[in-house]
Amino acid sequence: MEPLIFRNGRDISIQGIVLDVIREEVRSPIHFPEYKETKKYTEVPLNKIICGDAIEVMQAMPSDCVDLVVTSPPYDELRNYNGYAFDFEGMAKGLFRVIKKGGVLVWVVGDKINKGNRSFTSFKQALFFQSLGFNAHDVMIYRKKNTPFMRSNAYTNCYEFMFVFSKGSPKVFNPLKTKTVRQGQEMLPFNKKADGINKKTKGELKPEKTLTNIWDYAVGYGGSTSDKIAFQHTAIFPEKLAEDHILSWTKAGDVVFDPMCGSGTTCKMAAINKRHYIGCDISKEYVELTRKRLKYFNL
Ligand SMILES: C[S@@+](CC[C@H](N)C(=O)[O-])C[C@H]1O[C@@H](n2cnc3c(N)ncnc32)[C@H](O)[C@@H]1O
């Protein structure tokens, strides 16, 4: 049977015969918003970290006010947050509304592997985004350089997807570059001319080239970040990942939003790179963690 999911605070009654009771395993306590900060914003809540359900927070935000979203959902953890259900479709629709035309959504997600069977939640979500009208601009890979070896009958899983969606065509693209292997060296390529004779042409190899869509990052302390405080959250992505997307898809002064900001990685990198940020998380603890982290760097 599919899981039955109920929002916090809603009364339910289920009728029938009890066959078995499966208890929730004990998890570290995550507190849900004892207080609600969500109110209808008269202005875009720039440079704020908001505690609340992102769906409600987005409902309070005007349409077309965000240039870039870089975020990572609590994938396949439907019951991980004290029974709180992650309403993916509500989240996706809210994102489509608040992102500007030409704006970009980077959705960082992996699949849970249950008894050797991948959930494909990532693909299902990607197809849903596309069905809403998002343009599937790219399917990028976030490869983790130092993934611990996993003993199983499959290869060690070392990546997550970075689905890049845009509303129309991205209005900003600043391609990141990398140095070429033989940068600046003289090249003597053969140019085949119409007469079929190979002629040598002189020139220099380009010193740099545009990156591919597979990006490698070290993870863990010193890799994802050197902010010890960030590791109070168990599922952070690397600062550099957030920064690379911010530099690729926005310009200074643009608005970068993370609706599930966790430890505040996206917000920190947006502020460092002179973009406005908006952060939101349903957990009061994570909101406080993000605020502390930003304050420490005077951001
Ligand atoms: C994978 S973590 C994000 C980590 C973040 N990228 C970082 O680097 O710290 C997902 C976050 O989503 C938050 N979350 C889950 N459901 C939410 C909702 N409906 N609204 C806002 N935040 C939510 C969780 O509390 C969790 O912190």
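Me: How do the residues of the shell around the ligand divide into nonpolar, polar and charged?
Reply: There are 12 nonpolar, six polar and two charged residues in that shell. Here Ala, Val, Leu, Ile, Met, Phe, Trp, Tyr, Cys and Pro count as nonpolar, Asp, Glu, Lys and Arg as charged, and the others, Gly among them, as polar. This is a predicted model, where local features need pLDDT of at least 70, side-chain atom pairs count only at pLDDT 80 or more, and totals for chains, interfaces and linings use all residues. Residues are numbered from 1 along each chain as its sequence is written.

Me: Which residues come nearest to the ligand?
Reply: Of the 20 residues around the ligand, the nearest are Ala 54, Met 260, Gly 262, Ser 263 and Thr 265.

Me: Why is Met 61 called buried?
Reply: A residue is buried if 20 or more other C-beta atoms (placed from the backbone) lie within 10 Å of its own, exposed if 12 or fewer, and partly exposed in between. Met 61 has 23 such atoms within 10 Å, so Met 61 is buried.

Me: What is Met 61 in contact with, leaving aside its neighbours within four places in sequence?
Reply: Its partners are Tyr 41, Val 44 and Val 98; contact asks that C-beta atoms, placed from the backbone, lie within 7 Å.

Me: What is the mean pLDDT of the chain?
Reply: The mean is 85, and 77% of the residues reach 70 or more; pLDDT is the predictor's confidence in each residue, from 0 to 100. Over residues 23-35, pLDDT stays under 50, and over residues 78-84 it is also below 50. Where pLDDT is low, the predicted coordinates should not be read in detail.

Definitions and conventions:
Near = placed C-beta within 6 Å. Contact = placed C-beta atoms within 7 Å.
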